[in-house]
Amino acid sequence: TTAAMQFAARSYPSLVPSNGKIVNATVIGKDQTGQKYEKAQRVSTYMSYQVMHEMYGWEEDMDKLLIMLPIVGTLFKKTYYNSVLKHNVSELILPKDIVVDYWAKSLESAERVSQVILLNKRQIKERQMSKTYLDVELGDPVLIIPDNVKTAVQQDATLPYEIIEQHTYCDLDDDGYAEPYVVTFERNSKKVLRIAARFDEDSIYTN
């Protein structure tokens with residue numbers, strides 16, 4: 001515990017400096033007029049503002065990450081645009097909530113990377129109303145408890161669904177080649193809530 005706290009105490013000031021400059025953009029190439037440098041400063045200031053003020057809980061998650069990292073060994077940060085909150089968010093993800101395919105050598109080369117997300121009925125409805133998820137009936141949440149675990153859980157509105165967000169490859173256009181997609185589904189009912197492409201016009205090649 002002492003070693004973990006010392007690691008966090010030394011790492012935190014390097015990642016979260018007291019001047020609030022979390023992001024530092026770098027000028028690449030010649031900059032004779034200084035315009036690139038001025039733009040880099042503006043980008044750094046705005047992105048630092050996003051991290052510290054718009055991303056609720058970012059600083060607390062970073063503090064928690066630095067305490068847990070030397071103990072657990074591996075942690076994940078998931079940064080994305082939240083269509084419900086209408087701004088970028090960055091979440092701390094524990095290793096127990098990330099599942100990769102058996103043959104994966106790295107996350108980059110994995111055919112499937114799945115995240116387990118717990119969302120209650122209200123949170124699911126918010127995403128359906130914002131058109132992030134399909135408006136499908138999931139039924140009541142089902143809590144899967146192993147046979148060797150004895151626990152009493154109250155079945156109320158806070159009981160979450162087990163949502164799986166899977167980064168995988170699917171051949172949806174039947175051309176014989178599987179393209180990268182993000183497929184989100186509810187584990188118990190196996191109903192698909194969302195399919196989003198992991199590619200755009202700049203990252204694909206056509207003949």
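User: Before we start, what does contact mean here?
Analyst: Contact means heavy atoms within 4.5 Å. The model is a predicted one.

User: Which residues does A8 touch, leaving out those up to four places away in sequence?
Analyst: On that basis, A8 touches P13, L66 and I67.

User: And which residues make up the largest nonpolar core?
Analyst: That core has twelve residues: A8, V16, I22, V23, V51, M55, W58, M62, L65, L66, L75 and L92. Helix α3, residues 58–72, supplies the largest share of this core, with four residues.

User: How many residues are in the second core?
Analyst: The second core is separate and has eight residues, among them I117, I124, Y161 and L193.

User: Changing topic: how many helices and strands does the protein chain have?
Analyst: The protein chain has four helices and seven strands. Along the sequence, their pattern is α-α-α-β-β-β-β-α-β-β-β.

User: Is the chain compact or spread out?
Analyst: The radius of gyration is 21 Å, well over the 17 Å that the globule rule gives for 207 residues, so the protein chain is more spread out than a compact globule. The C-alpha trace spans about 65 × 60 × 40 Å along its principal axes, and buried residues make up 30% of the 207 residues.

User: Do β6 and β7 run parallel or antiparallel?
Analyst: Strands β6 (residues 179–186) and β7 (residues 192–197) run antiparallel and are joined by five bridges. V183 has I195 in β7 as its bridge partner.

User: What lies between those two strands?
Analyst: β6 and β7 form a hairpin with five residues between them, and K190 in the turn has a positive phi of about 65°.

Technical notes. Residues are numbered from 1 along each chain as its sequence is written. This is a predicted model: local features need pLDDT of at least 70, side-chain atom pairs count only at pLDDT 80 or more; totals for chains, interfaces and linings use all residues. Side-chain values use heavy atoms; hydrogens and water are left out. A nonpolar core is a set of buried Ala, Val, Leu, Ile, Met, Phe, Trp, Tyr and Cys residues joined through side-chain atoms within 4.5 Å. Buried means under 20% relative accessible area, exposed over 50%, partly exposed in between (1.4 Å probe, protein chains only). Two strands pair if DSSP finds at least two bridges between them. The radius of gyration is taken over C-alpha atoms; the globule rule is 2.2 Å times the number of residues to the power 0.38.
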